[in-house]
Amino acid sequence: MLHASWDKSDGFYKIKTLVVEHQCSVTFKNKRADFRLVGKHFLSKLRIVLNLKLIEMIKLAREELSVEINKDCCQKAKKWALEQIRGSVVHEFNRLFDYMYVLRSVDLNGNFELMVERPTVDEKPKFRRLYVCFSALKEAFKKYCRQVISLDGCFLKGSFQGEILSTVGRDSNDQIFPIAWAVVEVENRDTWAWFLNNIRMDLKLENGEKVTLISDMQKGLLEEVPLCLPNVEHRFCARHMFKSVISLFEDIRHYVMHRLVEHKTKSLNWKADGYEVLCNQDTFVVDAKGWKCTCRGWDLTGIPCSHDVHEEAATYDFGPSIPATTSASSQLVVAPNQPIPIDPSIPATSSASSQPVATSSQPKLVTQLRRSAPKWKITANRTLELVHEALDLE
């Protein structure tokens with residue numbers, strides 16, 4: 001362990017404490033490793049690789065500097081290093097007049113307009129708008145492109161919170177052809193009117209005759225197009241809407257399709273002897289292997305209850321379905337509002353739909369069914385036959 005401090009008398013660091021042997025654990029945390037120190041270390045690397053990721057910087061700082069830094073410190077270090085390489089944003093704004101001078105001296109026929117705000121003479125000018133349209137682009141549009149132009153705007157990220165406005169066309173190869181672009185402070189009627197007037201002057205659109213303009217419903221654009229280009233054919237772009245809606249529904253369709261196939265594949269491998277039945281507002285658990293149901297009807301009578309019969313009948317093809325009755329006698333086999341497919345050749349007695357089962361004959365019915373029932377599960381057909389026989393015995 002070593003402690004040193006700065007000595008103002010001679011201008012050197014002097015060691016105050018030194019412990020050669022120590023038992024301290026190794027740590028990679030160091031409060032003095034701020035973003036400037038990390039930025040200076042990565043300055044040479046960022047000159048070569050500008051898009052160096054933060055995760056890679058954190059790994060390299062741990063390996064090369066033996067320090068542990070977080071993403072916040074790493075992001076500040078990268079921003080500081082890039083400012084040293086490219087120059088700060090304020091410095092670039094100070095060179096806008098020089099930039100405009102170079103553009104106008106190189107392209108004499110181009111249109112480059114810079115608008116600044118300077119309330120008083122003593123104050124420094126503040127940037128508002130910048131419009132750029134090279135002469136080669138506007139001449140090529142007049143000669144080789146279709147008379148269709150598109151307008152759009154996009155937000156700018158970073159320290160300068162503005163918007164970029166652009167206009168593009170379509171060349172003879174049906175490809176996007178850039179025409180002009182501008183950076184404005186905000187998107188409103190004033191900025192769109194300024195941008196449209198510059199385009200009208202550069203492309204010599206006059207009143208917009210024989211020209212089609214395509215745009216979104218931008219703020220202020222709908223009101224300024226009839227004023228700047230009264231005869232233009234203004235249409236709205238629906239490509240992004242079409243793509244979003246169709247893509248959304250296609251994604252939903254693909255998801256549902258894969259989900260159904262996946263669940264069907266899983267259900268084929270299910271091996272369960274029990275299941276749950278929802279009857280009206282009640283829920284019953286049927287144990288098909290143990291011949292039991294939580295409704296207790298199967299245990300008391302020995303006859304598969306309506307919940308098991310419904311499931312059992314659904315696994316066989318007994319012909320066309322017959323709607324179930326709601327009489328007291330039919331409720332021994334059929335649950336209310338749950339039709340069961342049965343064989344239409346089975347004769348139905350008149351007492352099955354008109355007379356309920358007497359209470360005194362229930363033990364005789366249970367005994368008869370238990371003696372005659374085989375060891376395997378009673379099917380729906382056999383259950384109905386036994387019920388009819390028991391009713392005939394009365």
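With a relative accessibility of 61%, E206 counts as exposed, where exposed means over 50% relative accessible area, buried under 20% and partly exposed in between (1.4 Å probe, protein chains only). This is a predicted model, so to speak of local features takes pLDDT of at least 70, side-chain atom pairs count only at pLDDT 80 or more, and totals for chains, interfaces and linings use all residues. Residues are numbered from 1 along each chain as its sequence is written, and side-chain values use heavy atoms, leaving out hydrogens and water.

E206 sits in the loop between α8 and β8, and K204 lies in the loop between α8 (189-203) and β8 (212-215). Helices (H or I, at least four residues) and strands (E, at least two) are DSSP runs numbered from the N terminus.

| Residue | Phi | Relative accessible area |
|---|---|---|
| K204 | about 55° | 63% |
| E206 | near 55° | 61% |

Now for the sheet. Seven strands make an open, mixed sheet, ordered β3-β4-β7-β6-β5-β8-β9; two strands pair if DSSP finds at least two bridges between them. β3 (111-117) and β9 (233-236) are at the edges with a single partner strand each, so one side of each has no neighbour in the sheet. Inside it, β4 (residues 126-133) and β7 (residues 176-184) pair antiparallel over three bridges, and V132 has W181 in β7 as its bridge partner.
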